[in-house]
Amino acid sequence: MQTKSAATHPQPALVLASGSPRRSELLRTLGLTFTVVPSQADESISHNQPPGAIVEALAERKARTVVPALQDQADAANRVLVIGADTIVVVDGEILGKPADRDHAAHMLQRLQGRTHDVYTGLCIAALPAGTFQTAHSRTTVTMRPLTPVQIDRYIATGEPMDKAGAYAIQGFGATLVRQIEGDYFTVVGLPLALLSDMLAAHDVLVY
Ligand SMILES: Cc1cn([C@H]2C[C@H](O)[C@@H](COP(=O)(O)OP(=O)(O)OP(=O)(O)O)O2)c(=O)[nH]c1=O
């Protein structure tokens, strides 16, 4: 399937600057053609910014790391849009990224169980050859069921938490941990599709 464009302009090539299989799968659900160039960006953060600003900065950093490899291929007739994304979990002002190990995952899930937290996903679209960077973010509020230490251990034993912000995956076994969500589900999985489609539309890429 081809990228759809509103006008007579040549269609921009889409590049997803992410190694996350979830993000690829979600972008595929929009029926768009794209290539994947995983970003090697440093994901360290300064905690003294609001969470929305943090995820936008990280999404932009991810997009920026793949831009140099693509810059030479882009010109007015061959536009390229690079998509970067980043997801964090925030509970009581504390930022939870991906757990370093199983103990860290257990600590995160202990913090999250029985209460409400926010999931923030930032998006960045880098447009080439223009060299512009547009960022935005989306927030979804998730309430987790109370969990016993045994339930947490059993969930961690599935292996699912290890590469997920906040040490759970709402799209997997982690669905059983969640009592309620308020906001966009896809923000939690790591790629807010409604926000992304708006950002792509601003570059003449229409999903349908
Ligand atoms: C809370 C939650 C997070 N996640 C995932 C989304 C992200 O992939 C991951 C957070 O890590 P990120 O650093 O946002 O992304 P990543 O390292 O997986 O991929 P890349 O940097 O290459 O784009 O957590 C889920 O899949 N389900 C969930 O329910």
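Of the 27 residues around the ligand, which come nearest? In this predicted model, select S18, G19, S20, I170 and G190, since these are the residues that come nearest to the ligand among the 27 around it. Widening the selection to secondary structure, the elements that give two or more residues to the shell are α1 (21–29), β4 (80–91) and α5 (185–189), and of these β4 gives the most, with 4 residues. Colouring the shell by class shows 10 nonpolar, 9 polar and 8 charged residues.

Next, select helix α3 (residues 102–112) together with helix α4 (residues 149–157), which pack with their axes 10 Å apart and at an angle of about 135 degrees. The two helices are therefore oblique to each other, and their crossing is right-handed. To see where they meet, show the side chains of R102, A105, A106, L109 and Q110 in α3, which face I152, Y155 and I156 in α4 as contact partners; by class, this contact has 6 nonpolar, 1 polar and 1 charged residues.

Then move to the strands, selecting β6 (residues 116–128) and β7 (residues 132–144), which pair in the antiparallel sense over 12 bridges. At this pairing, A127 stands opposite T132 in β7, and the hairpin has 3 residues between the strands, with G131 taking a positive phi near 80 degrees.

Conventions: Residues are numbered from 1 along each chain as its sequence is written. This is a predicted model: local features need pLDDT of at least 70, side-chain atom pairs count only at pLDDT 80 or more; totals for chains, interfaces and linings use all residues. A residue is near a molecule or strand if its C-beta atom, placed from the backbone, lies within 6 Å of it. Ala, Val, Leu, Ile, Met, Phe, Trp, Tyr, Cys and Pro count as nonpolar, Asp, Glu, Lys and Arg as charged, and the others, Gly among them, as polar. Axes are lines fitted to C-alpha atoms, for helices over the stretch in contact, and angles run from 0 to 180 degrees between N-to-C directions. Angles under 35 degrees count as roughly parallel, over 145 as roughly antiparallel, 65 to 115 as roughly perpendicular and the rest as oblique. A crossing is left-handed if the near helix is turned anticlockwise from the far one by less than a right angle, and right-handed if clockwise. Two residues are in contact if their C-beta atoms, placed from the backbone, lie within 7 Å. Two strands pair if DSSP finds at least two bridges between them.
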